[in-house]
Amino acid sequence: MLTPRPLTDSLSVAPQIEEADFAQAKALGFRTIINNRPDGEEPGQLTSARGAELAKEAGLDYVYLPVNQSNLGPQTAAAFAEALANLPGPVLAHCRSGTRSTILWSLGAAANGTPVNEIIEAAGRQGYDLSPYAGALESLARG
């Protein structure tokens, strides 16, 4: 069952989505899906290729931007922010739990001037604790 967690009016995050969730995402008004989960991370997870097919069938845009510990940083956050800026919203981003998608959003939001306390509060309302990242987010906010 799809459980979108809104971070902003135009972005929600979710844990791993399943095949039936694409039609539900469309019915909920989402226009783009961003998949932040690398293929093969867990046996049986939906592949990015299948996700792209399902998104197309549902009339959704689809972006595969896999994130892991080795590439979670400013470059990936910039690519995520660019996708948010250029693709039709609202957007649903997902990974295993939604945490990596939330961190990507937070890095881009801080770099674009969103106050860090607002970022941490928005994530916290959806069950994501970004307080350990406060220092990094403050550094990005200062430029």
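Strand β3 runs parallel to strand β5 (residues 91–94), and four bridges join the two. The model is predicted.

Reader: Which residue in β5 stands opposite Asn 35?
Author: Asn 35 belongs to strand β3 (residues 32–35). β3 is joined to β5 by four bridges. The residue opposite Asn 35 in β5 is His 94.

Reader: Are the two faces of strand β3 covered or open?
Author: Thr 32 and Ile 34 point to one side and are buried.

Reader: In which sense do β3 and strand β4 pair, and what is the hand of the β-α-β crossover?
Author: β3 and β4 (residues 61–64) pair over four bridges, in the parallel sense. From β3 the chain crosses through α2 to β4. The hand of this crossover is right-handed.

Reader: Which residue in β4 does Ile 33 stand opposite?
Author: β3 pairs with β4 over four bridges. Opposite Ile 33 stands Tyr 62.

Reader: How far apart are the closest N and O atoms of Arg 37 and Glu 41?
Author: Side chains of opposite charge can pair when their charged atoms come close. Arg 37 is buried at 2% relative accessibility, whereas Glu 41 is partly exposed at 35%. Their salt bridge has its closest N and O atoms at 2.5 Å.

Reader: Which residues are linked with Arg 37 in a network of salt bridges?
Author: Arg 37 bridges Glu 41. Arg 37 also bridges Glu 42, with the closest N and O atoms 3.2 Å apart. Glu 42 is partly exposed at 41% relative accessibility. The network links Arg 37 with Glu 41, Glu 42 and Arg 100.

Reader: What separates Glu 53 and Arg 50 along helix α2?
Author: The two side chains meet in a salt bridge at 2.9 Å, N to O. Glu 53 is partly exposed at 42% relative accessible area, and Arg 50 is partly exposed at 27%. They are three residues apart in α2 (residues 48–58), so the separation is about one helical turn.

Reader: How many salt bridges does a search of the whole structure find?
Author: Arg 37 with Glu 41 is one of them. Glu 53 with Arg 50 is another. The search of the whole structure gives a total of five.

How values were computed:
Residues numbered from 1 in each chain as written. Predicted model: local features only at pLDDT ≥ 70, side-chain atom pairs only at ≥ 80, totals over all residues. Heavy atoms only, no water. Salt bridge = Lys/Arg side-chain N within 4 Å of Asp/Glu carboxyl O. Buried < 20%, exposed > 50% of the residue type's maximum accessible area, 1.4 Å probe, protein only. Pairing = 2+ DSSP bridges. Right-handed = clockwise from strand over helix to strand, strands pointing away.
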